[in-house]
Amino acid sequence: MRRKPVPVLETDVHHRLPRASGGKGINGNKVVVLKSQHVHYHALFADKTPHQIAKILSETWIDKRFVLVALPRTKKDDYSGEGVA
Ligand SMILES: [Zn+2]
């Protein structure tokens, strides 16, 4: 009896701060995501800033009763991989 093939979930590496904007290729700036989701993310947002992404989501994609905002993290919550001074 043949088993059903197991779907392969291809992964990709996404840079949280785009390399084009100075993001580094270090672990603190990289996250592994599903390749299919990665393609769609960049189709929607390219290398837009968090503020631009929040505006697009608020104006087009989410329930009009809500607004998304992008707030910078505090030093304590720094995930840039640059380390906290
Ligand atoms: Zn990416």
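Guide: Start with a loop residue. This is a predicted model. Alanine 46 sits in the loop between α1 (35-45) and α2 (50-61).

Visitor: What is the phi of alanine 46?

Guide: First, the general idea. Most residues other than glycine have a negative phi. Alanine 46 is not glycine, yet its phi is positive, near 45°.

Visitor: Now the other loop residue. Where does glycine 25 lie?

Guide: Glycine 25 is in the loop that runs between β1 (11-15) and β2 (30-34). Its C-beta count within 10 Å is 10, so glycine 25 is exposed.

Visitor: Which residues does glycine 25 contact, beyond its neighbours within four places in sequence?

Guide: With those neighbours set aside, the contacts are Arg19 and Lys30.

Visitor: How far is glycine 25 from valine 13?

Guide: Compare C-alpha atoms. The two lie 12 residues apart along the chain, and their C-alpha atoms are 9.9 Å apart.

Visitor: What is the pattern of the whole protein chain?

Guide: Read along the sequence, the order is β-β-α-α. That gives 2 helices and 2 strands.

Visitor: How much of the protein chain is buried?

Guide: Of its 85 residues, 1% count as buried. Contacts can be sorted by separation too. Among those with a separation of 6 or more, 35% join residues 24 or more positions apart.

Note on methods:
Residues are numbered from 1 along each chain as its sequence is written. This is a predicted model: local features need pLDDT of at least 70, side-chain atom pairs count only at pLDDT 80 or more; totals for chains, interfaces and linings use all residues. Helices (H or I, at least four residues) and strands (E, at least two) are DSSP runs, numbered from the N terminus. A residue is buried if 20 or more other C-beta atoms lie within 10 Å of its own, exposed if 12 or fewer, and partly exposed in between; C-beta atoms are placed from the backbone. Two residues are in contact if their C-beta atoms, placed from the backbone, lie within 7 Å.
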